[in-house]
Amino acid sequence: MNQITQLLKKLTLAQRVWIVAAVVAIGGGISAVVHWNQERDFKPLFSGVAAEDAGPLLAKLRESAVEYRLADNGTTVLVPSARVAELRIEMASAGLPKSGRIGFELFDKTNFGESEFAEQVNYHRAIEGELERSIMSIREVAMARVHLTFAKDSLYTEQRQPAKASILVQLRHQAALSPQNIAAICQLTASAVPGLTPDQVSLVDTVGNLLNRPRTAGAGDEDSSEAALDYRKSVEKDVQSKIAATLEPLLGAEHFRAGVSADVDLTSGEQSEELYDPTKSVMTTSQRSDDGPAVQAASGIPGTGSNLPRPASKPVTGSSNYQRHTENISYQTSRTVKHTKIPQGSIKRISLSILVDHTVRFEGQKRMVEAPSAEKLKVIKDLVTAAAGLDANRGDQIVVEAFPFEATLQAEPAVIEKPAAAEPAAAMPPWMQALMKKNGMVIAGIGAAAMLALIVGFVAIRRRGSRGRVSVEQTPALAAPASPTTEELTKQIEARLANQAAEKARQEVEQLMALKIPVVKTKKAEVLTKHIATESKTEAANMAHVVRTWLNG
């Protein structure tokens, strides 16, 4: 400590200030690093938390004595990374977060002092919250808000109001609701609210676009006219697509035009019909009666007197022995009862018009436009009639006409390129012709190399001939008197060598003139290598001399 004290006394004021600043900076740096290391360990537990769910979620974390952080303006909750999975399971078991508005858990705790109006308001809130949760479960929807208006009943018809619903949805990034999704959301909402129909549901996104077009039962003339026009267009488009699919393989896509006009009946109703057939009758009831004397029964005073031939007369009584039986049969005419429900959108009549193009052909430079035959037009008419389902009894009509199109009248004859004159097969094979067309520079290089090789070979032959002449001059002449002289023998040898060299040079030039390498995608070095290899096999000595000359050069 004495040494440290003496050292500090020797320091100037500036040195002491710098030492203190360095200590403070080091301490601050260590503290910042420790704090950063601690904060780096926090990971998101939930992101995009709604304001309604943030309070219960933070209260649950405080109860669990968990250290947390808030980010992104309170919409993201950060917790230590080691406890992320554990806390998510714990929060899920507690029903947190609830994804916005609360639902029927409003009624978990009963309040006996609550008024009927407050109960209706809570029921209203619960229905809206449950619908919001159901709509947010769709993959494309990030957030939803539902506003409901319940139906209002009244004794007076003009004061009755139907139920209505307004839905505001926030879609995820680069997501869109398909028509099936929109219809499903409207149907889901209508099924959850008593007295609500899908036509009374309005679906809007956060940008302000109306996603559905509700049409109420009491819609005005403008809406009904627009619906009728849309349905008519769909029917005409369907018929036109059938006609196109039928005629395109026969005529081509650009050689006919089809027009469709459909008269659609948008009224609907029910029809009952009862028919009687007088020619057919059926016995429904039968009743029978018989008239006549009644059957006599045994009577009189028992004994012998009643059995004698002439019995004593009996007094007449008031009873009658007459009996009557009647029979009635009822018949009823045959009857047929029909109950028909007329659907909306039935087709009253269809009118079709088919315009067929003429065909064009050229005789030299002369354009010949020909109309289709009557048989062809009849075939087209029959095909379209069957494909469109036309009914003459319904009043359907079809018109098929043939007129030349503007493109047909202005068509130009096709230009046919004449093939180049083929060279003799013996002089130029096809692969050589292709090479001459595609790579003339390679051929020029090969020809130059071949000419250089011929010149070098000719020079080598001349040198060899001169060496032969010197050797012949040095050879002693024969003693025979009839043998030629040395000069004559030298001239003959030179003439023979010259003739051989000239003949060989002429043949090689002719071969090079006739040689045409095929056009292939290869390198100049490869072509030269093949050519030199071929020449080396035929004239090995000359090519060796050429190589020696190149090496010397």
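**A serine and its surroundings**

Modeller: Ser 261 counts as partly exposed, because its relative accessibility is 33%. (Buried is under 20% relative accessible area, exposed is over 50%, and partly exposed is in between, with a 1.4 Å probe and protein chains only.) This is a predicted model, in which local features need pLDDT of at least 70 and side-chain atom pairs count only at pLDDT 80 or more, while totals for chains, interfaces and linings use all residues. Residues are numbered from 1 along each chain as its sequence is written, and side-chain values use heavy atoms, leaving out hydrogens and water.

Ser 261 sits in strand β7, residues 256-265. Ser 261 then has contacts with Arg 232, Glu 236, Arg 349, Ile 350 and Ser 351. Lys 233 is 28 residues from Ser 261 in sequence, yet their C-alpha atoms are 9.0 Å apart in space.

Next comes strand β10, residues 346-356. β10 runs parallel to β13, and six bridges join the two. (Two strands pair if DSSP finds at least two bridges between them.) Leu 352 faces Ile 398 of β13 across this pairing. Strand β13 covers residues 397-402 and has two faces. Ile 398, Val 400 and Ala 402 make up the covered face. Gln 397, Val 399 and Glu 401 make up the uncovered one.

Now for another sheet. This one is open and has three strands, in the order β4-β5-β6, with mixed pairing. β4 (141-149) and β6 (201-205) are the edge strands, and each pairs on one side only. Neighbouring strands here are turned by 15° against each other on average, direction ignored. (Axes are lines fitted to C-alpha atoms, for helices over the stretch in contact; angles run from 0 to 180 degrees between N-to-C directions.) Strand β5, residues 164-171, pairs with β6 in the parallel sense over five bridges. In β6, Asp 205 stands opposite Val 169.

Two helices pack on this sheet. Helix α5, residues 116-136, touches β4 and β5. The direction of α5 makes about 150° with that of β4. Helix α6, residues 179-192, touches β4, β5 and β6. The direction of α6 makes about 130° with that of β6.

Conventions: Helix = DSSP H or I, 4+ residues; strand = E, 2+ residues; numbered from the N terminus. Contact = heavy atoms within 4.5 Å. Lists of a residue's contacts leave out its neighbours within four places in sequence.
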